[in-house]
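The report below begins with a single residue and its surroundings, and then turns to a sheet and to the chain as a whole.

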Amino acid sequence: MDRKTVDFEASRSKDASSDSLGSDSKSSSLNSKLGQESASSGKVSYTSASTTSIGNMMTAADKLRSKQPSIVEPGQPASRPDDPPLLPGEKVMGVAREVTYLCPYSGPARGVLSVTNYKLHFRSMDRDTPYVVEVPLGVVSRVEKVGGQSSRGENSYGIELFCKDMRNLRFGHKQENHSRRNVFEKLQQYAFPLSHKLPLFAFDYSETFPENGWNALEPIAEFKRMGVPNDMWKITKINEHYEICDSYPAVWAIPAAATDDDVRAVAGFRSRARIPVLSWIHPESQATICRCSQPLVGVGGKRCREDERYIQLIMDANAQSHKLYIMDARPSANAIANKAKGGGYESEDAYQNAELVFLDIHNIHVMRESLRKLKELCFPNIEESRWLSGIEATYWLKHIKYILAGACRIANRVETHKTSVLVHCSDGWDRTAQLTALAMLLLDPYYRTIKGFEVLIEKEWLSFGHKFQQRIGHGDDHHSDADRSPVFLQFMDCVWQLTQMFPNAFQFNETFLITILDHLYSCRFGTFLYNSDRERVQENVKQRTVSLWSYINSSIDNYRNPLYLPRPGVLEPVGSIRLISLWKGLYCRWNPGMRPQDPIYQRIRELLVLKEQLEKQVDECKQEQKARVSRNMPTPPRLASPVHS
């Protein structure tokens, strides 16, 4: 059993139920490790699998040192029992003792607070079983001081952290220790390194894995898997140096009849030069999903002959249909309003045989406010009397429903109507990515495997320039920036909804999805850094950081769904609010009263082994039956040699 497996098993032991569903005990957790409910007392007892073996005994010297306020020198190696476990490249930057973690569920716990260049680590010293909180600093949205010199009352003076993963953490400091200022400064520095001209942790992290996850997507190979190039579609490297569109990938698939001059003219008529290019093609009907940004028609209703001809080429590439659906993700009112800013939508008069459909998905600002309301509802406490009405008031599930329903409409047009679809929103890097990726997930079983889903994220989100840096805010302290929005989170929520509707159709489990979301924020890996492929190439991200897929694929069994049955064909979900539920395993996971108490991860591993054994038995039975049939077959009579006269 390798080290990763051992760590994973430790963090999932029967003595503890970890808050983080995504990683090994050494690191990747976003963990506030909360334990199981005690059957004897009916109260919640909190344990940590990664610390129970350490014990809770302190020597007299340890006790004496713990009473003295101290900040460890930056880079000091971990040498004490209460020091945090460190990743390769991780260093302890500061330690404060006699700090109280104010847990909203189990009450205050006093212990040692450590800040590294990657995480905040708290370990209690006043409990028989140590209580551990571990938070990668990339998860922190803002840090605030609580109370002042005149504050009275226990724990009224301290620090509060507001996190991107639905929780807030509060730590009380003793005023006489003078530790708060030092901890606050270290948190500001390493939670927001870019704002302090420091590197993100991904550039210091140096762990190695057997597989190089940066090879997950090979664009040419992925096009060939889909049957491109062919008579109607060609691969072009016109954007190899990102000169046509700086937010698009270097390699595109475009209609075979389109010229380089056509491409440049269309780029001038589309917002951010994001022209219509191929995302997916149906292996039989050749119906396609293409993506782009809005046309720059403006108030005056400008037209572009090259753009109209180019759209006609996309339509003509599908011999099964003489029609094209243009799926505009926005509400129609928003699309009309964009005309005043120089944008707009395609006129059905200008684009012959194209039908324009608005999908009514709201913009990033509406989604950000919806998530804020959901966070208030889920953390720290849940009011039973207004739980359902509170969820409804957030509109979160309604937004999920509209995104999922839009993807279903796209998939239906391609599969059932055999008609090509062009998808866009305003700039084509938020709602467009949600819709194309989900539609492809419904249409193509390959993307429902672990490796295929990694390719889907690399292709539709990363290479096509979803602005992860702006939407998440990696490493900067602009927490109130209007560009923040949970666009990728909504996509992952929709994927989870599909796994609930089709539990046998996906090779991956919930842990896989939550691990990806945890490291979306953590800044441990380079995968989600920056806003585009061009920026990642400029910063040498592939050479200087580790890919998240390297980490996941090195312990892939942790993320397998034991119920998975590979099957061809299309998924046809019903985009109805009746079938959509709140993802409690993600949004409510910090609340021990809402989290499943059973240690299910070991059971999943056991089921995978059992499934493998049963499949082997089936194969052996088939072989045995085949051998028995061949033994029981009568021997054909030997023919006499012909007699030649």
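## Cysteine 425 and its setting

In this predicted model, cysteine 425 lies in the loop between β14 (420–424) and α11 (431–443), where helices (H or I, at least four residues) and strands (E, at least two) are DSSP runs numbered from the N terminus. The UniProt annotation "active site", from an unreviewed entry, covers Cys425, and such annotations may be inferred rather than shown by experiment. Because its relative accessibility is 3%, cysteine 425 counts as buried (under 20% relative accessible area, with a 1.4 Å probe and protein chains only). Leaving aside residues up to four places away in sequence, cysteine 425 touches Gln294, Asp328, Ala329, Arg330, Asp430, Arg431 and Thr432, a contact being heavy atoms within 4.5 Å.

Residues are numbered from 1 along each chain as its sequence is written. As this is a predicted model, local features need pLDDT of at least 70 and side-chain atom pairs count only at pLDDT 80 or more, whereas totals for chains, interfaces and linings use all residues, and side-chain values use heavy atoms, without hydrogens and water.

An open sheet of seven strands runs in the order β4-β3-β2-β1-β7-β6-β5 with antiparallel pairing, where two strands pair if DSSP finds at least two bridges between them. Its edge strands, each pairing on one side only, are tabulated here.

| Edge strand | Residues |
|---|---|
| β4 | residues 132–136 |
| β5 | residues 140–146 |

β5 pairs with β6 (residues 158–163) in the antiparallel sense over six bridges, and lysine 145 has isoleucine 159 of β6 as its bridge partner.

The protein chain holds 20 helices and 14 strands, and 57% of its 645 residues count as buried.

Conventions: Buried means under 20% relative accessible area, exposed over 50%, partly exposed in between (1.4 Å probe, protein chains only).
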